[in-house]
Amino acid sequence: MNVSLAKDLSVYQLVMGVQVPPKPLSLSPATLLSLVRAQIDLLIEQQIAATLWVKLPPEKIWQSELARYQSSVGASSLIYTCQIDESGKGEDEEAGGTEGDKGEGKLNTSSSPSSPTSSNYVLVHLPPDSQLRRENFLMVLSPQFCSLILAHRPLKKRKTQTSGKVNTNKNQPLLIITTVEGRVIQQVLDGIKQAIVPESSPILPADFICPSVPQAALMNQLLAKQLLRQDEINRQIITVRTTKFQQQNQELHNKEQLKDEYLKNVCQELRIPLTHMKTALSLLNSPNLKPPQRQRYLQMLNTQCDQQNSLITGLLELVQLERNWEGMALESVRLSEIVPGVVSTYQPVAQEKGIMLAYTIPTELPSVWCVSGGLRQIVINLLHNSIKFTSNGGEVWVRARLQGDHVQLEFRDTGIGIAENEIPKIFDRFYRVRTAATEDYGGAGLGLTIVQQLLLRCGGSISVKSKLYEGSTFTVQLATVGNIPKTITENEL
């Protein structure tokens, strides 16, 4: 059997066209689901063989109700299922869908089978621009009991700034009508008959007349089942929301613990230089202090002041990064415009330590994506580390080359290297490489953390290869401008 309806049919307009129409209620999709389930419960319990006209959301949680009815009542039932032609998918959102379908809280759908396709089902084709696109309904037709449940999502007109198209507001509540009045249901049935395309097969029952009112006993049973179904769905929603709130509370608790631990580490790091400075000051007050000793304690004060300044500067940079994470813009930048200038700045430091510092940055390399001002900071931090941890007479190279849709920037040194078990920790905040050497390399332990954060924001990456006492190689990957970088949100870090 093949049935098609004209495009101008609207069940909602048919209902509202009767004299003294039933009043629509603004209700949730979950309430609509409870009404549909209660109707099916009543039909099954009373074994009412009815003709159903339905247009429900495609999710299994809805379609399983039809399958449940059909499997219980059997061949004596007939179900007309209205469906918008696939070629006519538009922008308007169909009415219906549970809160779980919209992300509010997912109801239990584990027992929902696929939509049935037996001979008891007649597919009713709706044109792409049908007004039924914004409507869902369940109409029950039988001599013992008739009912109609209708959900309508009003079209709230608003023009987009770019296209000027009219879209629906997805956050609007549903207007739901539920009635057992024969005059209203007969109006809908007659309207459907008139909307059928002439060449379609005739619908059944052809001469059906709706009873004016159902039996009082059936109405009492229907009301009881509606209450039970609504209570069941409410409990499911409450359970889902409670679980969601518990997860959110746990996440907040974990964030608070991380913040407390972070604050504790900051205080400890700030206390260390202060302790050394206080010690140096107390020693400087000694009356028998000799000039060489005084000079040594003054140098200690100077070093610890630098350490304190480095720590505070690093903390401020890290806080600024995290605060402006979402709003940080990416810019197109060329390595040949940044790296040579930074290297020349560090040449005097390298010469003072007797370190050979060189770079190779081909000018033909394509531009790369990076956080505004971030590439310079990345180069400064990595080059500073390479020189700091390389002994007198060592070598430091900076090289760049194209690899696929990325530019690879490499910092290689012949410094003290990093033990294999320490490599996974070097990007942690405040972590400083431990060394058996007596020299204090200082630093706040935040430089590599900042580098990693900047690279994560622009879709780049950094890797490390190192061997103790032989040197280290830090390799940075940056997406070229022709390749859209995959940025990472703060929650993924």
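Are Trp53 and Tyr80 buried or exposed? Both are buried, where buried means under 20% relative accessible area, exposed over 50% and partly exposed in between (1.4 Å probe, protein chains only).

1. This is a predicted model, in which local features need pLDDT of at least 70, side-chain atom pairs count only at pLDDT 80 or more, and totals for chains, interfaces and linings use all residues. Residues are numbered from 1 along each chain as its sequence is written, and side-chain values use heavy atoms, with hydrogens and water left out.

2. Searching the whole structure gives 1 aromatic pair (rings of Phe, Tyr and Trp, the last by its six-membered ring, with centres within 6.5 Å; planes under 30 degrees apart count as stacked, over 60 as edge-to-face, the rest as tilted). The ring centres of Trp53 and Tyr80 lie 4.3 Å apart with planes at 5 degrees, so the pair is stacked. Trp53 belongs to strand S3 (residues 51-55) and Tyr80 to strand S4 (residues 78-84), 27 residues apart. Strands are DSSP runs of E, at least two residues, and helices are runs of H or I, at least four, numbered from the N terminus.

3. Helix H8 covers residues 374-388. Because 11 of its 15 residues are buried, H8 is largely enclosed by the rest of the structure. Among the buried ones are Gly374, Ile378, Asn381 and Lys388.

Definitions and conventions: Expected span 1.5 Å × (residues − 1).
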